[in-house]
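Please work through the exercises below with the sequence and the structure at hand. Each task is followed by a worked solution.

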Amino acid sequence: MPALSMFFGIIVRMQSERGGKHNKPHIHALYGDDEIVVGLDGEVLEGSFPGKQLKLLLAWMAIHEEELKANWKLLCDGDGYFKIDPLR
């Protein structure tokens with residue numbers, strides 16, 4: 001699963017899941033032993049994060065919404081992906 005970005009100990013990944021478990025565009029994020037799956041609309045689909053890290057992740061997602069959507073389309077079309085700037 002490609003890593004799109006890393007910031008403040010959070011690793012953000014994305015993979016296309018045609019007919020997959022979550023049935024909507026989403027990212028997977030890791031922070032230590034915690035893992036979360038969040039729809040591109042901000043809905044938590046699975047897992048959990050500590051409060052502060054969840055707020056950082058959701059802020060990053062809001063800032064990079066268009067880039068996340070573009071990456072989702074690229075991955076679904078089998079055309080690869082591109083890195084997204086970290087939260088600073």
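This is a predicted model: local features need pLDDT of at least 70, side-chain atom pairs count only at pLDDT 80 or more; totals for chains, interfaces and linings use all residues.

Residues are numbered from 1 along each chain as its sequence is written, and side-chain values use heavy atoms, with hydrogens and water left out.

**Exercise 1.** Determine how β2 pairs with β1 and with β3.

*Solution.* 
Step 1. Strands (E, at least two residues) and helices (H or I, at least four) are DSSP runs numbered from the N terminus; two strands pair if DSSP finds at least two bridges between them.
Step 2. β1 and β2 pair in the antiparallel sense over 4 bridges, and S5 stands opposite V12 in β2.
Step 3. β2 and β3 also pair in the antiparallel sense, over 4 bridges; here V12 stands opposite A29 in β3.

**Exercise 2.** State which residues of β2 form its covered face and which its uncovered face.

*Solution.* The covered face consists of I10 and V12, the uncovered one of I11 and R13.

**Exercise 3.** Describe the largest nonpolar core and the contacts of L57.

*Solution.* 
Step 1. A nonpolar core is a set of buried (under 20% relative accessible area, 1.4 Å probe, protein chains only) Ala, Val, Leu, Ile, Met, Phe, Trp, Tyr and Cys residues joined through side-chain atoms within 4.5 Å.
Step 2. The largest core has 20 residues, and L57 is among those that touch the most other members.
Step 3. α2 gives the most to this core, with 4 residues.
Step 4. Contact means heavy atoms within 4.5 Å. Not counting residues up to four places away in sequence, L57 touches F7, I10, V12, I27, A29, I36, V38 and F49.

Definitions and conventions. Buried means under 20% relative accessible area, exposed over 50%, partly exposed in between (1.4 Å probe, protein chains only).
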